[in-house]
Amino acid sequence: MRVDELLRHGDTVVVGVVETFGATVIVVGALWAALRFVVEGLRHRSAAVFTPIRLSLGRFLTLGLEFQLAADILRTAVSPTFAQLGQLAAIATIRTALNVVLRREIAQEQRQVTADAGGRPQPDPQPTPTGAAGGGSPG
């Protein structure tokens, strides 16, 4: 009986740690995105500047949801009842659907950022000597 109680208590601690870590990832991501949103919003007035911020926030949300799902799986791993298994199935389905949607949106936004970067002329990283248009090596 002592081992069973120890496993249940240990499971509760591990689940709490994993849930807390997942929530922390989400909160840190939201705060980081909010800070960048304010800073970039003051510097630039272009909507394209916010796409990388949304991508990063989506990655934080996806990672946080993965930890939350892991905590739910751990919670039901020790002594599952049929009700807990049903709840886990529902939670896993909802969180998996959220992850799929987030990943799809992240991929779409990433393609948009890549296309936007490819469509704009990139500044010349090396200054041109005496203002020459070619900027290449002499001769």
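Reader: OK, and which side chain does Arg 54 meet in a salt bridge?

Author: That would be Glu 109, with 2.8 Å from N to O. Arg 54 sits in helix α2 (residues 51-77) and Glu 109 in helix α3 (residues 82-119), so this pair ties together parts that lie 55 residues apart in sequence.

Reader: And Glu 109 itself, buried or exposed?

Author: Buried: its relative accessible area is 10%, and the cut-off for that class is under 20%.

Reader: How many salt bridges does a search of the whole structure find?

Author: Seven. One of them joins the side chains of Glu 66 and Arg 103, at 3.0 Å from N to O. Here too the partners come from helix α2 (Glu 66) and helix α3 (Arg 103), so parts 37 residues apart in sequence are tied together.

Reader: How accessible is Glu 66? And what about Arg 103?

Author: Glu 66 has 31% relative accessibility and counts as partly exposed. Arg 103 has 47% and also counts as partly exposed.

Reader: What does Asp 72 pair with?

Author: Asp 72 forms a salt bridge with Arg 95, and their closest N and O atoms are 2.5 Å apart. Asp 72 belongs to helix α2 and Arg 95 to helix α3, so the link spans parts 23 residues apart in sequence. Both residues are buried.

Reader: Switching topic. Where is Asn 99, and what does it touch beyond four places in sequence?

Author: Asn 99 is in helix α3. Leaving out residues up to four places away, Asn 99 touches Thr 62, Leu 65 and Glu 66. That Glu 66 is the one whose side chain meets Arg 103 in a salt bridge.

Reader: Why does Asn 99 count as buried?

Author: Because its relative accessible area is 3%, and buried means under 20%.

Reader: What about Glu 40, buried or exposed?

Author: Glu 40 counts as buried, at 17% relative accessibility. Its place is in helix α1. Beyond its neighbours within four places in sequence, Glu 40 is in contact with Val 49, Phe 50 and Ile 53.

Reader: Now the outside. Which residues make up the nonpolar patch on the surface?

Author: Phe 37, Val 38 and Leu 42, which together have about 330 Å² of accessible area. Leu 42 lies in helix α1 (residues 2-43). Leu 42 is exposed, with a relative accessible area of 65%.

Reader: Last bit, confidence. What's the average pLDDT for the chain?

Author: The average is 78, and 81% of the residues score at least 70.

Reader: Where does pLDDT stay under 50?

Author: Over residues 121-139, where the model has three contacts beyond four places in sequence. Where pLDDT is low, the predicted coordinates should not be read in detail.

Reader: Good, I'll keep that in mind when I look at residues 121-139, given pLDDT under 50 there.

Notes:
Residues numbered from 1 in each chain as written. Predicted model: local features only at pLDDT ≥ 70, side-chain atom pairs only at ≥ 80, totals over all residues. Heavy atoms only, no water. Patch = residues over 30% accessible without salt bridge, like charges linked within 9 Å, V, L, I, M, F, W, Y side chains within 5 Å. Areas by Shrake-Rupley, 256 points an atom, 1.4 Å probe, with all protein chains shown as cover. Salt bridge = Lys/Arg side-chain N within 4 Å of Asp/Glu carboxyl O. Helix = DSSP H or I, 4+ residues; strand = E, 2+ residues; numbered from the N terminus. Buried < 20%, exposed > 50% of the residue type's maximum accessible area, 1.4 Å probe, protein only. pLDDT = per-residue confidence, 0-100. Contact = heavy atoms within 4.5 Å.
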